[in-house]
There are 2 protein chains.
Amino acid sequence: MTKDWREVAAAKKQRINDSIPKEWLIDTSSLGANVMDVPATCGLLSKSEINITNSSATDLVAKLANGSLKAVDVTTAFCKRAAISHQVTNCALEFFPEMALKQAKELDEFYEKHGRTVGPLHGLPISLKDQLRVKGLETTMGYVSWIDKYDTEDSVLTALLRKAGAVFYIKTSVPQSLMVCETVNNITGRSVNPRNKNWSPGGSSGGEGANVGIRGGIIGVGTDIGGSIRVPSAFNFLYGLRPSHGRMPYGKMANSMEGQETVHSVVGPIAHSVPDLRLFVKSVLEQQPWKHDSKVIPMPWRQSEHDAAVQKIQGEKLTLGFFNNDGVVMPHPPILRGVDKVVSTLRENGHTLVDWKPYKHDYAVDLIQGIYASDAGKDIHTVLSESGEPAIPNINDLVDPTRSGADITTLWNVQLQKWKFQMEYLEKWNEMEEKLGKEMDAFIMPITPTAAIRHNQFRYYGYASAINLLDFTSVVVPVTFADKGLDKKNERFKPMNDMDKQVQGEYDAEAYHGAPVAVQIVGRRLTEEKTMAIAEEIGRLLGNAITQ
Amino acid sequence: MTKDWREVAAAKKQRINDSIPKEWLIDTSSLGANVMDVPATCGLLSKSEINITNSSATDLVAKLANGSLKAVDVTTAFCKRAAISHQVTNCALEFFPEMALKQAKELDEFYEKHGRTVGPLHGLPISLKDQLRVKGLETTMGYVSWIDKYDTEDSVLTALLRKAGAVFYIKTSVPQSLMVCETVNNITGRSVNPRNKNWSPGGSSGGEGANVGIRGGIIGVGTDIGGSIRVPSAFNFLYGLRPSHGRMPYGKMANSMEGQETVHSVVGPIAHSVPDLRLFVKSVLEQQPWKHDSKVIPMPWRQSEHDAAVQKIQGEKLTLGFFNNDGVVMPHPPILRGVDKVVSTLRENGHTLVDWKPYKHDYAVDLIQGIYASDAGKDIHTVLSESGEPAIPNINDLVDPTRSGADITTLWNVQLQKWKFQMEYLEKWNEMEEKLGKEMDAFIMPITPTAAIRHNQFRYYGYASAINLLDFTSVVVPVTFADKGLDKKNERFKPMNDMDKQVQGEYDAEAYHGAPVAVQIVGRRLTEEKTMAIAEEIGRLLGNAITQ
């Protein structure tokens with residue numbers, strides 16, 4: 001007697017809504033498209049709770065550690081703000097303030113008893129994408145067939161964050177399958193961008209993007225196999241780190257296409273500043289994740305790499321490559337202006353900017369697209385058929401069930417091509433350095449061809465996914481906002497191909513007005529310390545270092 | 001008009017033999033089974049050449065750097081000794097003394113002109129397994145169909161060793177397909193163990209094992225996906241390092257099943273001492289291999305890890321696990337005695353030894369065996385069919401063409417099982433440390449169930465391959481020699497299974513008398529510095545630190 005999937009999904013959705021205490025419900029009937037000011041104006045948060053949730057994580061952990069803030073108060077503030085966030089952006093797949101407050105209370109008791117914190121994140125609420133397992137809760141990842149299955153243990157990262165003192169209170173929404181950059185599933189429907197409900201918050205870590213964007217979260221944990229950390233960061237004017245594979249623990253998390261290792265999904269933080277990204281990374285590395293997840297490299301936080309980058313920024317200055325067009329899809333005018341702004345700002349501040357020719361990005365994008373589809377969608381369709389729910393429309397673009405999957409020989413060939421391409425790319429980088437007679441410290445490029453996008457218009461993943469194929473470290477830096485006065489439609493645009501034509505055709509200065517614009521700073525593989533330091537400096541020069 | 005494969009193979013074999021200058025040919029007609037003393041007694045080497053080839057690499061590079069030795073003299077000595085080595089063990093697939101001497105001459109000229117070396121290996125001859133490409137030479141890997149194809153560029157490792165000053169002079173033999181631990185192919189036939197021609201030198205880096213064993217080489221480069229560095233090291237009383245994946249560059253090398261990434265083959269050194277292994281590793285890492293091979297982790301030589309291990313050895317002492325039976329195949333008496341000897345020697349010297357239960361090694365061995373066979377031998381059979389040469393008998397055990405290969409979904413499941421197993425193994429290690437209240441620094445175990453084996457008797461790979469599945473760092477330490485007086489057949493042996501019965505049934509105290517016995521020291525992933533330091537201490541305590 002299997003229940004109809006609609007019933008199961010509706011019951012789960014009701015459970016999420018019921019998890020919000022009645023006294024935290026707000027009237028959403030007369031809100032406009034932009035809900036960014038609702039937390040401050042709806043009257044639910046006290047002044048102190050507004051202050052707490054508007055702080056940086058770095059400040060909060062310092063205050064929690066010196067006793068000037070209590071974990072229960074910080075947790076309460078973020079639970080309330082996340083409750084608002086879910087009501088206005090539909091960002092949650094699990095919300096559990098009771099469990100969070102119990103955890104916070106225990107931390108306060110520990111602090112009182114021992115006069116010290118349990119770890120570097122003592123009492124800090126952290127928002128989790130619904131791939132991370134928390135003992136006792138569901139991890140549905142937006143799949144109806146995974147509802148009502150309760151986790152019996154934490155994921156490795158959850159356990160280490162918990163050990164570091166983090167408090168969990170929300171698990172955020174994802175698109176069915178994770179394999180698209182908008183956030184929609186058959187359980188909760190669609191998550192929206194708090195800056196404009198007609199825009200996507202991005203995906204697949206879109207619930208994180210929305211929740212951290214409106215400060216229902218201070219640090220959110222996302223994952224990225226083709227842009228899923230970077231796109232939500234970009235679309236919500238946030239910083240985000242896509243670490244290289246092997247730096248952060250993915251062990252025991254839920255995933256699509258589990259066991260697929262040709263291109264690894266990676267896990268990393270989304271936050272309002274680089275110092276907060278760094279706090280997350282350092283806190284996790286301090287827990288020696290390589291002792292628990294075999295895929296993590298035993299590479300502690302390298303302060304010397306950070307220090308060397310800072311010294312270079314202050315001394316001889318940086319040398320950075322840049323490009324704004326990958327040769328497949330031309331970005332919209334706001335993105336071109338964003339790259340220009342970063343380049344000119346850096347030049348004005350004495351850094352050297354050089355043209356970086358995007359080496360065979362078209363090839364890379366084709367290759368990784370084939371990798372995503374290497375089982376021809378079998379994994380996804382198997383999970384869907386267990387409940388009978390339909391696929392979301394966005395998946396069909398990516399996984400074509402009329403194709404047959406790759407066989408082993410084909411897969412090995414693809415893996416060999418990937419390796420060769422990666423090595424060729426390194427040689428291009430080396431050649432540039434030989435030509436310059438110095439290091440090229442990183443390069444700057446778009447993340448998407450568009451600013452925060454209208455629903456159902458995300459089409460081209462290549463700016464993000466080429467970097468996944470290379471496994472380079474990437475940090476998102478928010479730059480500016482689309483401006484209908486500045487970002488005029490390019491009337492002389494000549495499309496390179498159909499995709500290019502369609503994407504550019506959808507530019508509309510009015511519809512995009514105010515949408516966040518970002519770039520990614522791309523470093524060599526496993527250069528998280530250095531690339532974050534560069535991103536921090538760029539944010540500082542742009543004047544986007546923190547602020548709400 | 002394709003030539004018959006026998007003709008092609010015979011011509012290549014003739015070319016190898018012709019590459020030995022006539023004046024370096026020796027009379028092999030009246031040699032016994034053990035040829036270890038031939039280099040010193042055959043009259044071809046001068047006293048100074050005997051001294052050079054009996055030195056350590058560490059000494060040689062010091063003398064080359066201070067000008068007391070010339071690259072041409074060192075190269076000449078090793079070319080002559082390798083010529084002898086090939087004549088008595090059949091270890092070469094390429095031999096190129098002319099090219100080597102030209103390279104050495106250039107290095108001497110550089111030194112004379114600039115008063116300094118080109119790099120840390122200046123003038124040191126290094127022996128290469130015939131997977132490493134050297135511009136201008138063939139890489140056949142024992143396949144007839146790859147004869148007459150000349151490499152147009154160096155492998156990444158070759159190029160970096162060259163940059164460090166290494167001289168190349170020989171490429172050594174491998175078994176057809178690389179996937180077995182004896183060394184036989186249809187081009188040159190079988191390589192034999194210099195200690196007894198009835199024994200195998202191991203495989204697949206068996207040509208390296210034989211050549212370095214008889215000191216036709218001082219540091220040899222091998223590869224290991226299931227024991228191929230460790231078995232030849234063990235069978236030739238040598239030290240060998242199987243680094244974890246990502247530490248040493250494999251880029252642009254030839255391989256079987258190229259693009260297979262479920263379990264990575266790794267490349268590493270075989271030598272007469274740990275300091276020589278370390279010289280190799282440090283010299284390669286100094287060249288920043290991660291800038292050329294995308295799979296290499298940017299992890300320079302960590303002197304602090306080495307120093308901490310040395311300090312622990314001298315201070316609080318080591319804590320090491322050990323076991324002598326993986327629960328699948330019981331080792332022969334000489335191996336059991338070898339493990340006992342290591343354990344008792346360490347205990348006598350104040351170190352703590354604890355029982356390490358080999359967690360699910362039977363499962364690991366099955367899993368990796370399935371990975372080796374995941375294309376059901378298609379890759380190998382494709383290469384064989386290009387020339388028409390038959391498969392060597394040993395391959396049939398491993399790759400069964402009557403099975404169908406895995407599909408993508410099966411492969412992903414296997415990869416997921418591998419990851420879970422690795423994480424479970426880490427938790428067992430963590431639990432042991434919790435129980436002990438201190439670190440377990442490494443564990444000691446057999447490499448094979450047998451001492452250096454008679455031809456065609458290598459059957460069980462599990463002691464080696466379980467460690468490949470775990471990707472732990474492993475260092476081979478030579479321990480002792482089988483002794484018919486001490487290593488009596490176990491008459492009360494009760495087999496656990498058919499393989500166990502067959503392996504134990506083949507023990508013959510007389511036939512094994514004098515065969516090298518070794519153990520492996522297994523550290524956590526990417527602990528090359530620490531595990532080598534531990535192995536060095538064990539060798540020192542055993543009195544096997546160097547000597548021929």
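1. In this predicted model, the largest nonpolar core comprises 344 residues, and Leu161(A), Phe443(A), Leu161(B) and Phe443(B) are the members that touch the most others. A separate core of six residues lies apart from it; Ile297(A), Leu526(A), Ile297(B) and Met299(B) are among them. As general background, nonpolar side chains in soluble globular proteins tend to be buried together.

2. What does Phe443(B) contact, leaving aside its neighbours within four places in sequence? Its partners include the aromatic residues Phe322(B), Phe323(B), Trp356(B), Tyr425(B), Trp429(B) and Phe472(B). Also in contact with Phe443(B) are Gly321(B), Ile467(B), Gln520(B), Ile521(B) and Val522(B).

3. Helix H12 of chain A covers residues 333–348. At 1.5 Å a residue, its 16 residues should span 22 Å, and the end C-alpha atoms are 22 Å apart, so the two values agree. After H12(A) comes Gly350(A), with a positive phi near 90 degrees.

4. How are chain A and chain B related? Chain A is superposed on chain B by a rotation of 180 degrees with 0.0 Å of shift along the axis, at an RMSD of 0.0 Å. This is the relation of a two-fold axis. Within chain A, the residue that comes closest to the rotation axis is Asp407(A), its C-alpha lying at 2.9 Å.

5. Of the interface residues of chain A, 100% are also interface residues in chain B, so the copies meet through the same surface.

Methods
Residues are numbered from 1 along each chain as its sequence is written. Chains are lettered from A and ligands numbered from 1 in the order in which they are written. This is a predicted model: local features need pLDDT of at least 70, side-chain atom pairs count only at pLDDT 80 or more; totals for chains, interfaces and linings use all residues. Side-chain values use heavy atoms; hydrogens and water are left out. Copies are superposed by least squares on the C-alpha atoms of residues with pLDDT of at least 70 in both. Contact means heavy atoms within 4.5 Å. Helices (H or I, at least four residues) and strands (E, at least two) are DSSP runs, numbered from the N terminus. The expected span of a helix is 1.5 Å times one less than its number of residues. A nonpolar core is a set of buried Ala, Val, Leu, Ile, Met, Phe, Trp, Tyr and Cys residues joined through side-chain atoms within 4.5 Å. Buried means under 20% relative accessible area, exposed over 50%, partly exposed in between (1.4 Å probe, protein chains only).
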